[in-house]
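Please read the points below with the model open beside you, and follow each residue as it is named.

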Amino acid sequence: MRTLNLALNVVVALLIAGLAMMLFRSIPVTVVAGGLYCIHPTALYLAYTGESEILFLALATGGAMMTFAGGRIKWPGFLFLGASCLVRANFVLWIVFYAAFYLVLIVKNGLPTFLFRRGEQLHKEGQFCLDPSGKCPLLSLAICVILFVLPPALWMLRNYRVSGHFPVLATIRGQTFYGGNNDIVAGSRRFWGYWVFPDLIPGETPMRELAKTMSEDEVDRYYVSKGLKY
């Protein structure tokens with residue numbers, strides 16, 4: 001895992017450099033962006049310890065590059081962005097803000113504009129458009145949303161088959177929520193403002209014991225209730 005993550009971190013550095021080139025069209029900016037990521041202490045630590053953040057960065061940055069490129073390549077880009085939700089579940093909210101931003105533009109400029117005018121016309125007028133070459137920007141938006149939602153939707157269906165609960169995208173929300181809302185992170189200088197595994201909270205039943213009588217989803221919901229109660 002460590003070796004794979006370190007290699008993947010090199011790929012992320014190249015992707016960030018490539019994304020900088022796409023956005024700024026400047027070699028100095030590209031070199032600085034890629035170079036700064038190469039020496040970014042947190043990324044190096046997460047890569048060395050084999051954490052999943054590096055995979056998320058690879059999927060999200062690669063997906064962003066493909067969406068900025070436009071044309072047909074943007075379709076797999078939204079699939080990549082959707083797949084990144086399987087690594088960091090809260091990223092699923094991104095498509096909500098993205099669609100809301102685009103719908104605000106539709107309301108501002110009028111629905112007929114986005115239904116009957118080609119994308120390049122909007123692009124020439126300085127209006128935001130997902131695909132300047134597209135015939136119907138609104139249809140393009142709908143396809144992008146569907147492609148983004150597809151990976152997490154399939155994973156939630158899988159989880160429903162396993163757990164019987166829907167929607168379940170991940171079962172670590174409870175650990176994270178309760179782990180960030182307890183006496184230790186509120187009063188210990190070592191963990192203040194951060195989070196701890198619930199097993200480290202004084203008086204808490206070890207997860208191994210909970211798992212003997214609860215399913216994975218039930219343990220997750222248990223920790224959510226403990227966090228809310230705190």
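This is a predicted model: local features need pLDDT of at least 70, side-chain atom pairs count only at pLDDT 80 or more; totals for chains, interfaces and linings use all residues.

1. Residues are numbered from 1 along each chain as its sequence is written, and side-chain values use heavy atoms, with hydrogens and water left out.

2. Helix H2 covers residues 27–38, and its 12 residues reach 16 Å from the first C-alpha to the last, close to the 16 Å expected at 1.5 Å a residue. Helices are DSSP runs (H or I, at least four residues), numbered from the N terminus, and the expected span is 1.5 Å times one less than the number of residues.

3. Which residues of H2 are buried? They are Thr30, Gly34 and Tyr37, where buried means under 20% relative accessible area and exposed over 50%, with partly exposed in between (1.4 Å probe, protein chains only). These residues cover an arc of only 60° around the axis, which puts them on the same side of H2; the arc is that of the directions from the helix axis to the C-beta atoms.

4. The face of H2 turned away from its buried side carries the exposed residues Pro28, Val31 and Leu36, whereas the cover over the buried residues of H2 includes helix H1 (2–24), helix H3 (41–48) and H4.

5. The largest nonpolar core has 16 residues, of which Phe56, Phe78, Phe91, Ile95, Tyr98 and Phe148 touch the most other members. Helix H4 (53–69), helix H5 (74–83), helix H6 (93–109) and helix H9 (137–163) each supply at least two residues of this core. Such a core is a set of buried Ala, Val, Leu, Ile, Met, Phe, Trp, Tyr and Cys residues joined through side-chain atoms within 4.5 Å.

6. Asp217, placed in helix H13 (residues 216–229), counts as buried because its relative accessibility is 4%. Leaving aside neighbours within four places in sequence, Asp217 is in contact (heavy atoms within 4.5 Å) with Ser163, His165, Val168 and Thr171.
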